[in-house]
Amino acid sequence: MTGAQEPEDVYTKHLRLARQARNHPDRAFTSLAQHIDLAWLHEAYRRTRKQGATGIDGQSAKDYARHLEANLQGLLERAKSGTYQAPAVRRVHIPKGDGKSTRPIGISTFEDKLLQRAVAMVLEPLYEQDFHPDSYGFRPGRSAHQALEVLYQRLRTMGGGWVLELDIRSYFDTIDHALLREFVQRRVKDGVLNRLIGKWLKAGVMEHGQWQRMEAGSPQGGVISPLLANLYLHHVLDVWFEREVKPRLVGSSFMLRYADDAVLVFANERDARRVMEVLPKRFGRFGLELHPEKTRLVGFKPGIPGRGRSFDLLGFTHYWGRSKSVCWTIYRKTAKDRFRRMLRQISRWCRANRHQFVRDQHVQLVRKLRGHFAYFGIRGNYRSLGVLRFRVERIWIKWLSRRSQRGRLNWEKAA
């Protein structure tokens, strides 16, 4: 089989798996590992990011590619025979939006990423038939912008409502392994794949040279982690809300979820308060805890005075305001925490790079702003983007002015 034929063969298998899962929504599949062959691993290798940080073995994608055929063949044999040993995940910490706390990220070895990608490619067409249409996070063909647009249109149609913001405390670190495996096996009873998933959950993390066992959770940064995390909340929240909650409500309602960020919207206040009361118990049954302060109910109605009439989702603050025609409409602007995070990152970068050539600094800053604008440049958010651009200019000038006397900027020459 030639390299040009491999992706087409994988695509055909994807379609067949999706069709079978769609036609048999209650079937648990027992023969899935057969789809993972050398061609499948080649496609998984193609889809695996090559520029990522290295895991505990220090092997880069370039190193792995030197003997690609032999490495893939050996990986295939170990995965199928059950002798593959999942290496520990290298843990690093990155700053959160508040600038104070950090978020743990797990970095797998390149070979482990590749195998996780291959397994995810098998599971994805199955679970995509089951996942709720209002779940948008880490799914093929879906994006945060699509979720925002759907939310915007539904809120406008409903004329606002009672919005219940959900914040799950340390979600990725508290997923119950036994329950997760149970959810997986409702659809997948293939011994090879179940064994691999179990090994990844038990692999543990390596931090400061010390190995730590993971009693719960799925490391953020793992290739297969988003799929497993989506599957867990699919059963904990999505299915429950659709089948158990909505039939008992008086008014209309809808849910929108992006990974572990979710909002539940109700037309009736009493419905919203009843669901808010039962949610902590529901999540507690599955080892999850809602943040008591960040989980809140907002009366999101036009013309209601007072504070707290807005809510945040996916980096945007949603609020009501008057349009030019004096009609109430929904506006969205960059959330304060995302705005401050961007300014902190720019300030740290300018401070560390202020002695580079001004032209090179300008190129990098423009690139950073374009990346920010690509996400936050939606309808109605132009004022926030303009303020950000002005603040970035002020920060840049501040740090350029603090060069050493020898490297101080000559403003006349720079003008």
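## Basis

The model is predicted, so local features need pLDDT of at least 70 and side-chain atom pairs count only at pLDDT 80 or more, while totals for chains, interfaces and linings use all residues. Residues are numbered from 1 along each chain as its sequence is written, and side-chain values use heavy atoms, with hydrogens and water left out.

## Domains

The protein chain is assigned domain 1 (10–135 + 169–230) and domain 2 (336–413); such bounds come from an automatic or database domain assignment. Taken over C-alpha atoms, the centres of domain 1 and domain 2 are 37 Å apart.

## Helix 4 and helix 5

Helices (H or I, at least four residues) and strands (E, at least two) are DSSP runs, numbered from the N terminus. The axes of helix 4 (residues 68–81) and helix 5 (residues 110–127) cross at roughly 60 degrees and come within 12 Å. Axes are lines fitted to C-alpha atoms, for helices over the stretch in contact, and angles run from 0 to 180 degrees between N-to-C directions.

Asn71, Leu72, Leu75, Arg78 and Ala79 of helix 4 meet Glu111, Leu114 and Leu115 of helix 5, where contact means heavy atoms within 4.5 Å. By class, this contact has five nonpolar, one polar and two charged residues (Ala, Val, Leu, Ile, Met, Phe, Trp, Tyr, Cys and Pro count as nonpolar, Asp, Glu, Lys and Arg as charged, and the others, Gly among them, as polar).

## Second largest pocket

On a 1 Å grid over the protein atoms alone, a cavity is a set of points where a 1.4 Å probe fits but cannot get out, and a pocket is an open set with protein on both sides within 12 Å along at least five of seven lines; lining residues have an atom within 4 Å of a point. Grid points are joined across faces, edges and corners, and a volume is the space filled by probe spheres set on the points.

The second largest pocket has a volume of about 530 Å³. Of its 23 lining residues, Arg186, His234, His235, Val239 and Arg243 lie nearest the centre. Helix 10 gives the most to this lining, eight residues. The lining has nine nonpolar, four polar and ten charged residues.

## Cavities

There are three cavities of 30 Å³ or more. The largest cavity holds about 110 Å³ of space, and its 14 lining residues include Gln116, Trp200, Pro219, Ile224 and Ser225, which lie nearest its centre.

The second largest cavity holds about 50 Å³. Strand 2 supplies the largest share of its lining, three residues.
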